[in-house]
Each structure stands twice: as structure tokens, then as C-alpha cells.
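Thanks, everyone. I'll keep this brief. Please look at the sequence and the structure on the screen.

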Amino acid sequence: MRTRIAFLKGHGTENDFVIVPDPENAIDLSPAAVAALCDRRAGIGGDGLLHVVRSAAHPEARAMAAEAEWFMDYRNGDGSVAEMCGNGVRVFARYLQRAGHVAAGDTAIATRGGVKTVHIAKDGDITVGMGRALLPEGDVTVSVGGRSWPARNVNMGNPHAVAFVDDLAHAGDLYTPPPFSPAAAYPDGVNVEFVVDRGPRHVALRVHERGSGETRSCGTGACAVAVAAARRDGADPKVTGTPVTYTVDVPGGTLVITERPDGEIEMTGPAVIVAEGVIESEWLENALR
């Protein structure tokens with residue numbers, strides 16, 4: 001292991017990440033190491049970790065190298081691997097811009113959920129092409145305490161259960177995963193969004209993210225919520241031929257989600273790098289004992 005490992009810290013609507021640049025995929029980031037780095041009391045702290053690797057240097061991304069030079073090797077805060085993270089993609093793009101790897105304008109980023117198109121606006125906001133939502137059939141229910149709600153099953157490259165509630169406080173503390181049924185609907189666990197209406201095409205959410213607990217924001221979750229809200233409201237761009245846009249308030253800010261008639265979903269929001277430094281290998285080795 002290197003004597004010192006460079007890192008940065010960033011967030012997108014307060015969904016925060018440890019960023020580890022590693023172009024040649026030379027750093028062994030075990031689940032335990034990731035969990036130690038993401039620990040908010042004993043480590044740097046973050047909802048997840050963004051491992052920045054050239055696509056050609058990572059076995060999971062080599063097939064995407066011709067489309068996207070950089071691969072977002074994303075890990076949840078508990079060290080587990082995740083398919084996608086919408087806020088993470090924006091922060092990843094902001095890092096690439098800061099490091100001089102890309103400029104304002106369009107770029108592409110490889111993820112386990114496929115290649116994502118990204119536009120870095122000169123005014124600062126970043127728009128990510130999040131792909132199309134899948135809406136698996138079948139009834140799903142989520143529960144908190146003595147309450148249960150029907151939920152919409154939405155897949156944005158990772159699984160979501162979207163429940164519309166009367167009060168966001170009904171979601172409870174969200175420290176532990178809300179129970180869901182049937183178990184077969186989400187064999188690998190699920191991100192659960194609790195949603196209230198704020199106005200026409202304007203909603204607010206709280207979310208439990210797999211492997212991270214409640215977070216201040218979830219980009220794929222905001223997209224899933226916008227799709228679920230549009231279908232609930234009878235707005236399907238594929239049917240109407242007209243894009244539909246929802247404003248989605250998250251605890252850490254606001255995201256704007258647009259679904260186009262071709263099914264493509266775009267998410268626009270801020271991304272900020274707040275600090276950079278080095279990880280001492282002695283600390284990391286001690287943290288893993």
C-alpha cells in the first residue's frame with residue numbers, strides 16, 4: 001500500500017462521498033477499507049466512496065472504455081458494491097473537471113449501470129442522462145412501525161420502492177431498512193423512498209439507501225420518484241409525446257428530473273468538491289485491525 005493515498009470530499013445535494021483518484025486501479029479498496037474511510041466518527045465520512053479509475057484499467061469497465069474513458073467504481077458506505085449513484089455521477093464529473101480530465105460541456109462516464117452521458121454547464125449545475133426506468137410488474141408493500149403502504153417498483157439501474165405517504169415523519173428514523181414484501185421483489189435489497197406532494201409536479205422525499213441508511217439525497221431515487229409520480233398522475237411521456245418534469249426536494253436540496261418521450265431521464269443538480277487531502281496508510285492499516 002502506498003504511504004499516503006490522495007482523497008477528496010464532495011457532495012451532491014448533501015449526498016456526500018469520499019473520492020479516491022486511482023487511474024490505473026492500483027489501490028486495493030476492500031469492503032472493510034471503504035467502510036473505515038466512510039465512517040463519520042473514525043474516518044473521513046461519507047454516504048459512499050467514488051473510486052476514480054480509467055475504464056481500460058478495470059475489469060468491470062474495459063468493455064465500455066471505447067465509449068467512456070473513466071469508470072465510477074462506486075461503493076456504498078458499508079463497503080458493498082452498488083450499480084449506480086446519480087448524485088455520485090455528478091460529483092464524479094465535478095472531480096474530473098477539477099482535475100483537468102474533462103472540460104465544461106458533454107462527457108461520458110462508465111458505471112456498473114452502463115455508460116452515462118453528462119453535461120457540465122458553465123453556470124455550475126450538472127445534468128446526467130440516467131437512462132430509462134424499468135417498471136417491474138407486481139404489487140410491493142413497504143412498512144414502518146404499524147403502518148404499511150403500497151409501493152411502486154422502479155428500477156433505475158438499481159432497485160427502488162416508492163411509497164406515497166401523508167407525512168414524511170411516517171418514514172420513521174430510517175436507520176434500518178424498512179421491511180418490504182414480497183421478499184422476491186428485491187432479492188438484493190432495495191432503496192426505499194417515502195414521498196409527499198408539495199404542489200403541481202413538485203414532490204419531496206426521504207430515502208433509505210441500501211448499505212448507507214438514510215441519506216440527505218439520492219439521485220436515482222429522485223428519478224424513480226419522478227417516474228412513479230408521473231405514472232400516478234397519468235403523465236407518461238411515451239404516450240403523450242411531451243416531456244414531463246418534476247421538481248424533487250430532498251433533505252439536502254433540490255433536483256430537477258425530466259423524462260423524455262423516448263424514455264430517457266435527465267437529472268439536473270449541483271455538485272461540490274469541499275476538501276482534499278491524504279490518507280495515512282498507518283491510520284488505514286490500524287483501522288482495519
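Which residues does Met72 touch, leaving out those up to four places away in sequence? Before the answer, one caution. This is a predicted model.

Now the list. Met72 touches Leu50, His51, Met84, Cys85, Gly88 and Val89, among others. Phe92, Ile109, Ala110, Thr111 and Arg112 complete the set.

Where does that put Met72? In the largest nonpolar core, which has 52 residues. Within this core, Met72 and Ile257 touch the most other members. Helix 3, residues 219-232, supplies the largest share of the core, with nine residues. There is also a second, separate core. That one has 17 residues, including Val140, Val144, Trp149 and Val192.

Next, a charged side chain. Arg75 sits in strand 4, residues 70-76. Is Arg75 buried or exposed? Its relative accessible area is 10%, and the cut-off for buried is under 20%, so Arg75 counts as buried.

What are the polar partners of Arg75? One is the side chain of Asp73, joined to the side chain of Arg75 by a polar contact of 2.9 Å. Another is the backbone oxygen of Leu29, which lies 2.9 Å from a polar atom of the Arg75 side chain. Contacts of Arg75, again skipping residues up to four places away in sequence, include Leu29, Val34, Gly48 and Leu49. His51, Ser80, Val81 and Arg112 are on that list as well.

Now strand 2, residues 15-21. Why call strand 2 largely enclosed by the rest of the structure? Because seven of its seven residues are buried. Look at the two faces. On one side, Asn15, Phe17, Ile19 and Pro21 are buried. On the other, Asp16, Val18 and Val20 are buried too. Both faces are covered.

What pairs with strand 2? Take strand 1 to begin with, residues 4-12. Strand 1 and strand 2 run antiparallel, over five bridges. Gly10 has Phe17 of strand 2 as its bridge partner. The two strands make a hairpin, with two residues between them. Thr13, in the turn, has a positive phi of about 45°.

Then strand 3, residues 48-54. Strand 3 pairs with strand 2 in the parallel sense, over five bridges. Here Pro21 stands opposite Val52. Helix 1, residues 31-38, belongs to this part of the picture. Together, strand 2, helix 1 and strand 3 form a right-handed β-α-β unit.

That's it from me. Questions, please.

Methods:
Residues numbered from 1 in each chain as written. Predicted model: local features only at pLDDT ≥ 70, side-chain atom pairs only at ≥ 80, totals over all residues. Heavy atoms only, no water. Core = buried A, V, L, I, M, F, W, Y, C linked by side-chain atoms within 4.5 Å. Buried < 20%, exposed > 50% of the residue type's maximum accessible area, 1.4 Å probe, protein only. Helix = DSSP H or I, 4+ residues; strand = E, 2+ residues; numbered from the N terminus. Contact = heavy atoms within 4.5 Å. Polar contact = N/O pair within 3.5 Å; in protein donor to acceptor, adjacent residues only side chain to side chain. Pairing = 2+ DSSP bridges. Right-handed = clockwise from strand over helix to strand, strands pointing away.
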